[in-house]
Every structure is written in C-alpha cells, then in structure tokens.
Amino acid sequence: MQLGYARTSTTEQMAGLEAQVRDLQSAGCTKVFQEQTSSVAKREQLEAAIDYLREGDVLVVSKLDRLARSTFDLLTIEKRIKAKGAGLRILAMNLDTTTATGELLFQMVG
C-alpha cells in the first residue's frame, strides 16, 4: 500500500497542501496524512503515518522538504520507515528506496 504525507508550514498555504494531496493521490496513494505545521513543531500526522506503515508499504511525499528539516532528521525518519519493512518515495526526485538504485541515490542525497 502507498501512503502519502503532505505538509505545509502555515494554514495560509491551503493551495499548496491541496496540490500535494492531489499529487499524492495521482501517484496512487490510497491514504494521505496531512497537516499544516512548521517542520520544527511536533508533526503528529507524520508520526501517525509512520505508525500506520506495515511491511511492504511505501510512504510517499511530494518533495523532500515536506518530510525532513535536516539530513539527520531525514536519515532518522528513513531508518524508522525501513525498520517497519517499508520504503520511502519522493515524487519530485523520482526516488524510491524500495529499489537498489533508489536506496543508493537516497544515501547520496542524504
């Protein structure tokens, strides 16, 4: 199953959130977790999305900056996803960690 995560930093960015949700649904996400909160604040929906993941699932985000605020944060999130037997897909980068090439590119980008 592909699960989406969409985030904007403020509630004024409704169009941006709607665009992300639309992109995630077009990419095949059957469930999309969404929130409007700063990346430095507690991201409850991101936590919910990671908790929801099961082995074989893929967490999909539209862009890398919607998911992580730093390299350390990115690697920590990806480690948690991988520990659940799931993968990560970043649409704007055409990156999918469920493939060997995608995992290599992720490590290079991170």
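**Grounds for the description**

Reply: The model is predicted. Its pLDDT averages 91 over the protein, and 98% of the residues score at least 70. Among the elements, S3 has the highest mean pLDDT (98) and helix H4 (residues 100–109) the lowest (84).

Me: Why are S2 and S5 called edge strands?

Reply: The open sheet has five strands in the order S2-S1-S3-S4-S5, with mixed pairing. Strand S2 (31–36) and strand S5 (95–96) each have a single partner strand, so one side of each lacks a neighbour in the sheet.

Me: How do you know that S3 and S4 are paired?

Reply: Pairing requires at least two bridges between the strands. Strand S3 (residues 58–61) and strand S4 (residues 87–90) share four bridges, in the parallel sense. Val61 stands opposite Ile90 in S4.

Me: What makes S1 and S2 a pair, and which path links them?

Reply: S1 and S2 run parallel and are joined by six bridges, where at least two are required; they therefore count as paired. Leu3 stands opposite Lys31 in S2. From S1 the chain passes through helix H1 (residues 14–26) to S2, a β-α-β crossover that is right-handed.

Me: Where does helix H2 lie?

Reply: Helix H2 (residues 44–52) lies across strand S1 (2–8), S2 and S3, and runs at about 160° to S2.

Me: What makes a group of residues a nonpolar core, and which members of the largest one touch the most others?

Reply: Such residues must be buried and joined through side-chain atoms within 4.5 Å; buried means under 20% relative accessible area. The largest core has 19 residues, of which Tyr5, Leu46, Leu59, Leu67, Ile77, Ile81 and Leu88 touch the most other members. At least two residues of this core come from each of S1, H2, S3, helix H3 (71–83) and S4. A second core of eight residues is separate; Ala6, Leu17, Leu24 and Val60 are among its members.

Me: Which residues does Leu59 touch?

Reply: Leaving aside residues up to four places away in sequence, the contacts of Leu59 include Leu3, Tyr5, Leu46, Ala49, Leu67, Ile81 and Leu88.

Me: Why is Asn94 called exposed?

Reply: The cut-off for exposed is over 50% relative accessible area. Asn94 has 71% relative accessibility and therefore counts as exposed. Asn94 lies in the loop between S4 and S5. Its phi is near 50°, a positive value in a residue other than glycine.

Technical notes: Residues numbered from 1 in each chain as written. Predicted model: local features only at pLDDT ≥ 70, side-chain atom pairs only at ≥ 80, totals over all residues. Heavy atoms only, no water. Contact = heavy atoms within 4.5 Å. Axes fitted to C-alpha atoms, helices over the stretch in contact; angles between N-to-C directions. Right-handed = clockwise from strand over helix to strand, strands pointing away. Buried < 20%, exposed > 50% of the residue type's maximum accessible area, 1.4 Å probe, protein only. pLDDT = per-residue confidence, 0-100.
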